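Please study the sequence and the structure before reading the steps.

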Amino acid sequence: MLNLNASTINSRDIIARLEELKDAKQDILDRVRDAETLIESTDDDELESLNSELEEWDDEYGDELASLTEINDEGESCSSEWTHGETLISSDYWVEYCKQLCEDIGDIPRGGFPSYIAIDWERTAENISADYTTVSINETEYYIRSC
C-alpha cells in the first residue's frame, strides 16, 4: 500500500499504484463500452449498474488517481530517473536525510567528529537542496533529485 505521508517515497511505488488505478478504471470503462455496443442484447439494468459502478469508483478513487497522475507528471518532468526509482524525501525528514547522506558518501569520518565539533545540519541541508527540486504531495513538500 502506498503511503503518501511517509518520510520517503519511491517513485516506482507511485507508478505502480497509478497503473493499478488506471487499469481498474479502464476495466470498468471497457465493460460499459461493451455493454453500450451490445445495447440490443444488454439489459438496461446492467448498463445502469455499470454506470453506477463507475460513479462509485470515481467517488472513491478519482481524487487519488488525479493526484497521482499530477505527481507522476511532475516527477517525470523533473527527474530522468523517475521510472527507474527516484526517492522523494519529505521536508520533515530532509535534514536527517542529508545527515545520513553525508555519512553514507564519506563526507563525515567513520568515527564521526569529536563531541566539541558542531555541525549546522540545517544549513548543510539547505546547501544540498540546490541539487534538488520539490514536489507537493498532500500539502507536504518532498525533495527529489533534479535532472
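**Exercise 1: The sheet**

The model holds an open sheet of 4 strands in the order 1-2-4-3, with antiparallel pairing. This is a predicted model, in which local features need pLDDT of at least 70 and side-chain atom pairs count only at pLDDT 80 or more, while totals for chains, interfaces and linings use all residues. Residues are numbered from 1 along each chain as its sequence is written, and side-chain values use heavy atoms, with hydrogens and water left out.

Task: Determine which strands stand at the edges of the sheet, and describe how strand 4 is paired.

Solution. 

Step 1. Strand 1 (8–10) and strand 3 each have a single partner strand and stand at the edges, so one side of each lacks a neighbour in the sheet. On average, neighbouring strands here are turned by 30° against each other, direction ignored.

Step 2. Two terms are needed. Helices (H or I, at least four residues) and strands (E, at least two) are DSSP runs numbered from the N terminus; two strands pair if DSSP finds at least two bridges between them.

Step 3. Strand 4 (residues 140–145) pairs with strand 2 (residues 87–90) in the antiparallel sense over 2 bridges. Here S90 lies opposite Y142 of strand 4.

Step 4. Strand 3 (residues 132–137) is joined to strand 4 by 6 bridges, and the two run antiparallel. S136 faces E141 of strand 4. In the hairpin of these two strands, with 2 residues between them, N138 adopts a positive phi near 50°.

**Exercise 2: Two helices in contact**

Task: State at what angle helix 4 and helix 5 cross, and which residues meet.

Solution. 

Step 1. The axes of helix 4 (residues 94–104) and helix 5 (residues 121–128) come within 9 Å and cross at roughly 80°. Axes are lines fitted to C-alpha atoms, for helices over the stretch in contact, and angles run from 0 to 180 degrees between N-to-C directions.

Step 2. The two helices are therefore roughly perpendicular, a term for angles of 65 to 115 degrees.

Step 3. With contact meaning heavy atoms within 4.5 Å, W94, V95, C98, K99, L101 and C102 of helix 4 meet W121, E122, T124, A125 and I128 of helix 5. By class, this contact has 8 nonpolar, 1 polar and 2 charged residues. Ala, Val, Leu, Ile, Met, Phe, Trp, Tyr, Cys and Pro count as nonpolar, Asp, Glu, Lys and Arg as charged, and the others, Gly among them, as polar.

Methods: Parallel < 35°, antiparallel > 145°, perpendicular 65-115°, else oblique.
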